[in-house]
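Hi there,

Here is the structure I promised to pass on to you.

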Amino acid sequence: MEEKMAENISIIREKLQAAAIEELPVLFSAYEADKRAGVQAEITRAKKRILSYEKEVKRTEELMQYERKYAAYAHICGIDEVGRGPLAGPVVAGAVILPKDCDILYINDSKKLSEKKREELYEVIMEKAVAAGLGYSTPERIDEINILQATYEAMREAIGKLSTAPDLLLNDAVTIPQVSIRQVPIIKGDAKSISIGAASIVAKVTRDRLMADYDEVYPEYGFASNKGYGAQAHIDALKKYGPCPIHRKTFIKNFCGVCD
């Protein structure tokens, strides 16, 4: 009897875990009279899931404050970059126009998300976005014109690759030169605007995948794990092997002082 009862609780657990948020109240009604501690624990866990979901819905609504403020603009584009600080690899800029009725949850500053969640959100964003564009600036270009100007170039390229022309840009902190579209710079914008957050995720996932590819070509530096940033193992490899073709000469000279 106890074994059968345990099995039934397992089935209830599976039903609650598999149910969509909107389906849970119906299941609660079906099982609320079951006083077994295991069933009540599963119901409590599912109710916490609802509370967590409602909290995320509220956070996402707050994340759309700028999109609501500038709702008169037809195509609002979020702009962000990834890779200004690494010693190696390109800087990558993302430009994303989300639909007005965007219902994507969990978008945030890409640095605050796990790699798994970024990958999941990347697929959803690319599927649901009105348009998305990417821009790159190579290590050679960064050395030639400096990281700030190279970042601006990558941002302009990302905007230029959008299949739908934006009429307003929401930027993470910066104002991009040589762009005629109206711009709204927002400090820490990737955590305050859903459009900028989406651009941050797209740029981050793209660059991380690229650095993983570079790791196969230059395995000595651990690019798959450090993504080109100045981790100690990366600096040690620089001292031992010297720079590879994707290192930023101006960065490694200033950072470790051993690679001219």
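Predicted model: local features only at pLDDT ≥ 70, side-chain atom pairs only at ≥ 80, totals over all residues.

Five strands make up an open sheet with mixed pairing, in the order E3-E2-E1-E4-E5. The edge positions belong to strand E3 (131–137) and strand E5 (183–186); each has a single partner strand, so one side of each has no neighbour in the sheet. From one strand to the next, the twist averages 20°.

Strand E2 (residues 91–97) and E3 run antiparallel and are joined by seven bridges. Within that pairing, Val91 stands opposite Ser137 of E3, and Ala93 has Gly135 of E3 as its bridge partner. Although E3 is an edge strand, five of its seven residues are buried, so E3 is largely enclosed by the rest of the structure.

Next, the helices that lie on the sheet. Helix H7 (residues 147–160) lies across strand E1 (76–82), E2, E3 and strand E4 (168–172), and runs at about 150° to E3. H8 lies across E1, E2, E3, E4 and E5, running at about 40° to E1.

H8 also packs against another helix. How are two packed helices described? The angle between their axes and the distance between the axes are used. For helix H5 (residues 115–128) and helix H8 (residues 194–217), the axes come within 9 Å and cross at roughly 115°. The crossing in which H5 passes H8 is left-handed. On the H5 side, the contact is made by Arg118, Glu119, Leu121, Tyr122, Glu123, Ile125 and Met126. H8 contributes Ala198, Ile201, Val202, Lys204, Val205, Thr206, Asp208 and Arg209. Sorted by class, this contact of H5 with H8 has eight nonpolar, six charged and one polar residue.

Now the cysteines. How many disulfides does the structure hold? The count is zero. Take Cys77 as an example: the closest cysteine sulfur to its own is in Cys102, 13 Å away, which is too far for a bond, since a disulfide needs the two sulfur atoms within 2.5 Å. Cys77 is buried, with a relative accessible area of 0%. Cys244 is buried as well, with a relative accessible area of 9%.

- Ala173 has a phi near 80°, a positive value in a residue other than glycine. Ala173 sits in the loop between E4 and E5, and its relative accessibility of 39% makes it partly exposed.
- Lys227 has a phi near 55°, again a positive value in a residue other than glycine. Lys227 is placed in the loop between helix H9 (223–226) and helix H10 (232–241). Is Lys227 buried or exposed? Lys227 is buried, because its relative accessible area is 12% and the cut-off for buried is under 20%.

That is everything on my list. Happy browsing, and do write back with any questions.

Best wishes

Note on methods: Residues numbered from 1 in each chain as written. Heavy atoms only, no water. Axes fitted to C-alpha atoms, helices over the stretch in contact; angles between N-to-C directions. Helix = DSSP H or I, 4+ residues; strand = E, 2+ residues; numbered from the N terminus. Left-handed = near helix turned anticlockwise from the far one by under 90°. Contact = heavy atoms within 4.5 Å. Nonpolar A, V, L, I, M, F, W, Y, C, P; charged D, E, K, R; others polar. Pairing = 2+ DSSP bridges. Buried < 20%, exposed > 50% of the residue type's maximum accessible area, 1.4 Å probe, protein only.
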